[in-house]
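Please read the numbered points with the model in view.

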Amino acid sequence: MKRMVPLMKALLCWCVLCEFARGVRAQFPRACSTVEAIESKRCCPSPSADAEDACGARSGRGACDTVRTDTRPWGGTYTLRNVDDRERWPTKFYTQTCTCFGNFAGYDCGECKFGWTGPNCNLRKPPVKRKNIMSLSVEERQIFLEALQRSKRTVHPQYVIATEHWLGLIDRETNQTRFSNISVYDLFVWQHYYSVRDTLLGPGRPFKGIDFSHKGPAFITWHRYHLLSLERDLQKLIGDENFAIPYWNFATGGSECDVCTDELLGGEDPSDPSLISPRSPFSDWGIVCNSLDDYNRLVTLCNGTREGPLRRGPKERGNITLPTKDDVHSCLQLRDFDRPPYLTNSTFSFRNTLEGFDKSDGELDSAVTGLHNLVHDFLSGTNALSHSAANDPIFVVLHAFTDAIFEEWLRRFPKEDSFPEEMAPIGHNRHFNMVPFFPPVTNEEIYIPSVELGYSYEIDLADAGQSSAAFVVAGSCLALLVLILLLVLYARQRRRREYEPLVSSGYAAVKYTEDA
């Protein structure tokens, strides 16, 4: 019996991993990382043991179909063509993938869309509730922190990453593909890196004016889907479909990072404040995808190997303080989701303001860094560079709050429709497939209320943000009422004075019968 215990544990672990593996959205499914799949450009695996049941076609889940890509023109600085493997994603790798029917989803149509559940994916799943990390119970906090730790230690059972440019993805000498294993959390990091990396034109000749997840309209939808993917990964990993990632309300206006403690996401190392305290479990988190210049020089991609410790930069903050509630409120007053030219110089754009390139009121000021960007600058260290920022677990709760602000904006302006269909930077058009998520998913599919995607926020940004404005409006109304009252009183007093000589003049009481 004692010998059976390890076997039973191993079997249980294997079952959990198999369940966890299904439906996580990443880049390359293992089933489609073979030489045959890459050469045929076909990724249509079966969700069942029946290898011939591509995309679950026999049960009506989906069908193998030609990949649809956005054909509308893009704008911005990227004017090259057919040199970047992210163009018309994912057609440099696959031109046929599973198209899932109804609410079925996943690279093999073996799971449900976000927000749906049941054997036939026809039942609405009660939305999970994302809470403020500072208000989590001790148990909730430990579940979240342990989930992060497990995701860092667990090799992703179903997805791999590409370590070479698409033209060099097959080693012709060994007839093997150049893919690599990676942990669940580091896959999250790799996705972010891959979306912002430079275009590889040759040794030491990168094209840097390209970014599929920042500096354009897709900043919000891309990061929303990025978090959703991690959240589902963590749900599967810990076996709790009701698990929700928390958010960090960074709009304190303070000069201290209140989540940078050993009880939460890691305090400072007393011997080196740029490192994480050895008392925190995050102190041994190695970072990946940090050597962008080396990748460019070698014309290669991040392969997921450790490249140093996680760092934050308190000594570099200077006089930087976090955004304020008023900053959030001002941003939420902007009615246009985005405005031409859909870049970092767009003015009175909610997206550009939330991202942090405009001031909180939407005006452009190159000397000012706001909201999302300001928080990354405040944290500094690993957070300061977009290709490595996701290494820091604070990235998760930071972007959850950024997403909560977008959700409040979407509630206020549900019919606002300025997400551009064309002429945004490459990757940022409304119908562009977001890089590097697989199976393909467009920006438009994520530009919807969070409850339709299976989650909501325990927060009231309307009250928190509108307090100062409410006082201003109330004060203005009160002043106006006082002014009107004074004018009325003044008018009445003046009217009395006009009649005063007729009633109060000092005439002598003379009888008409008396003599003069």
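1. In this predicted model, the unreviewed UniProt entry assigns the annotation "domain: Tyrosinase copper-binding" to residues 214–231 and 392–403. Residues 214–231 are 78% helix and 0% strand, with end C-alpha atoms 21 Å apart.

2. As regards the chain overall, 12 helices and 18 strands are present. Of the contacts between residues at least 6 apart in sequence, 70% join residues at least 24 apart.

3. On burial and surface, 50% of the 516 residues in the protein chain are buried. The chain exposes about 24400 Å², of which carbon and sulfur atoms supply 54%.

4. The largest nonpolar core holds 111 residues, and the members that touch the most others are Trp-248, Leu-265, Phe-350 and Ile-394. Helix α10, residues 394–412, contributes the most to this core, with 12 residues. In soluble globular proteins, nonpolar side chains tend to be buried together.

5. Which residues does Phe-350 touch, not counting residues up to four places away in sequence? Its contacts are Ile-220, Cys-331, Leu-332, Leu-334, Asp-336, Phe-337, Ile-405, Phe-406 and Trp-409. One of these, Ile-220, falls in the annotated stretch 214–231.

Notes
Residues numbered from 1 in each chain as written. Predicted model: local features only at pLDDT ≥ 70, side-chain atom pairs only at ≥ 80, totals over all residues. Heavy atoms only, no water. UniProt positions renumbered as here; feature names shortened; annotations may be inferred. Helix = DSSP H or I, 4+ residues; strand = E, 2+ residues; numbered from the N terminus. Buried < 20%, exposed > 50% of the residue type's maximum accessible area, 1.4 Å probe, protein only. Contact = heavy atoms within 4.5 Å. Areas by Shrake-Rupley, 256 points an atom, 1.4 Å probe, with all protein chains shown as cover. Core = buried A, V, L, I, M, F, W, Y, C linked by side-chain atoms within 4.5 Å.
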